[in-house]
Amino acid sequence: AQSLKEFARLLIAVEEERRRLDGKKKFDKESEKYYSILEKHLNLSAKKKESHLQDADTQIDREHQNFYEASLEYVFKIQEVQEKKKFEFVEPLLAFLQGLFTFYHEGYELAQEFAPYKQQLQFNLQNTRNNFESTRQEVERLMQRMKSANQDYRPPSQWTMEGYLYVQEKRPLGFTWIKHYCSYDKGTKTFTMSIAETKSGGKVNGLVTSSPEIFKLKSCIRRKTDSIDKRFCFDIEVFERPGIITLQAFSESNRKLWLEAMDGKEPVRIYFFSLSFYMFLNEAGFNFVRKCIHAVETRGITILGLYRIGGVNSKVQKLMNTIFSPKSPPDMDIDMELWDNKTITSGLKNYLRCLSEPLMTFKLHKDFIVAVKSDDQNYRVEAVHALVHKLPEKNREMLDILIKHLVKVSLHSQQNLMTVSNLGVIFGPTLMRAQEETVAAMMNIKFQNIVVEILIEHYEKIFHTAPDPNIPLPQPQSRSSSRRTRAICLSTGSRKPKGRYTPCLADPDSDSYSSSPDSTPMGSIESLSSHSSEQNSTTKCVPSQPREKSGGIPWIASPPSSNGQKSSGLWTTSPESSSKEDATKTDVESDCQSVTSVTGTENASLSTDLTKKSSYSLSGLKRQAKAMYSCKAEHSHELSFPQGAIFSNVYPSVEPGWLKATYEGKTGLVPENYVVFL
């Protein structure tokens, strides 16, 4: 009977172990199933239909829940075993000692001496058993709370963030994604990753098979979906390895956690270019620009919307990766049969935009801006002439090559509609940009366009003659004085109706760029055509019906002016509204801006000085005034109005350079140099 009891206890113990093993097998099975489905899910192309992606997301969420429950139950069993060890091992030992001391007479005195320790041990055992019960109940409640929680529980850790990520690695036939276990410490900016296996012969899931790689983080940038065929990706740069490391998280929420931990940033300026390093004015760069210009001038200089219509994102990315790959020779040719005209022109703009310093340098940026704000047309040209010759030799050489090409492009404006004014709009922000992207810098975008216009119109003089040494170089103005700047017009004589460039947007279904935010000014106060040269004023108007494209900006015709001539234009968005729109755009949305040219028939000989004197001489009186140019408000306290608009109750504002006026029942500020008193 005693043997049967012992055998029964043995069977019970075996059965208990079998149940534990079943829990382990269930965990292994659910783990393998989940990671298998997860790999298939992550390999789904971002170009799949939205319904297909939603079904895949629903399936992975369901499998994740099953895996999550199996993991919690397995951890619960492990915890139970660990706690039982504390008393199941000691109790038989205590019974053995008790029998041993009772059986041996010599052990009687030893048992007496051991009695206090034995009693204390009994108390400790009872406390341990009680603690086990309370701990078990608490863990069970915690497990239930974790099951009902909406998001994964993240236990305390020495790391700011840790978990599995897929790392993109280059292979001879393309790229592959390897699963790593990664951790990051925000204090020291230490990023660690180790290769991990998801299937290890049924032994241990997530087995680390190599020593970890340790890096110090330099930067972290979210990867846009239109630049890669995977979702949930982000790029990091480290000091120990050149180039970038592309990582893929398990989900959008998981990527956000990594980006928050690493102080990740949104892609800026070069978001459509997969190589996240700056370009340089080296042999490869000069060769690339010359090849692009040769291709354009050979076969596509008369194409409508040249440089305005962007190429397909993936093709441009492939072109840049091909030309600027570390393995490519500096004099690599561009296959004109492989690359279309739009891809080449977009690649040329991308190269110039991605230079570590803009072609016209940060140092001389303010000098160029101040130069073209001058009222004296001759001085503007002479000052720009002198400043160009202060550029570094390589910068001036590259600028010479580019402007010479743009002169040829503008000569075919009857076919391609790329007038000097329109080329200035596109290449102004490309060749010039402020070192800090402030609101003031945004307001100066229109003056960057004027600099490019001057370079194109006076190419021979600026690049092939020496500047006048007696011309005083411009001095940067203060913010308050810059707001008094008068309307700028490069042309002389009567103002003729100017041609309007009709932007041709790319197919909305294609993954293309029309224009980046850096290539088109947003919220320009005055019409860009008012800064154009006399040669652009003779361009024929291209009629365009008001229309609206998906994801684009509505085309609005301006109301007719008082003299009966119509002036049509495209209203651009203000910096405030456009910034809000940009903040809500998804990865795959394209940033489209349009170029506008507003026609005008006012006589350019009207002196702005006379206007200024008239406004101040009538201080305290409310008069009527007429708009000489159109304007789009950039702030809520300013007025938007077309050319020829009639204002009532006009009087000087407390802010220098501005007038208070009423138009269409709304009262607000208007630029003083935009109106003439009636």
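The chain averages a pLDDT of 75, with 74% of the residues scoring at least 70, where pLDDT is the predictor's confidence in each residue on a scale from 0 to 100. Over residues 200-204 the pLDDT is below 50, and beyond near neighbours in sequence this stretch has five contacts in the model, a contact meaning heavy atoms within 4.5 Å. Where pLDDT is low, the predicted coordinates should not be read in detail.

On conventions: this is a predicted model, in which local features need pLDDT of at least 70 and side-chain atom pairs count only at pLDDT 80 or more, while totals for chains, interfaces and linings use all residues. Residues are numbered from 1 along each chain as its sequence is written, and side-chain values use heavy atoms, leaving out hydrogens and water.

Turning to the aromatic rings, a search of the whole structure finds 19 aromatic pairs, a pair being rings of Phe, Tyr or Trp (its six-membered ring) with centres within 6.5 Å, called stacked when the planes are under 30 degrees apart, edge-to-face when over 60 and tilted for the rest. Tyr-459 and Phe-463 make a tilted pair, because their centres are 5.2 Å apart and their planes stand at 35°. Tyr-459 is buried at 6% relative accessibility, and Phe-463 is buried too, with a relative accessible area of 11%; buried here means under 20% relative accessible area, exposed over 50% and partly exposed in between, with a 1.4 Å probe and protein chains only.

Elsewhere, Phe-27, Tyr-34, Tyr-35, Phe-67, Tyr-74, Tyr-164 and Tyr-181 form one aromatic cluster.
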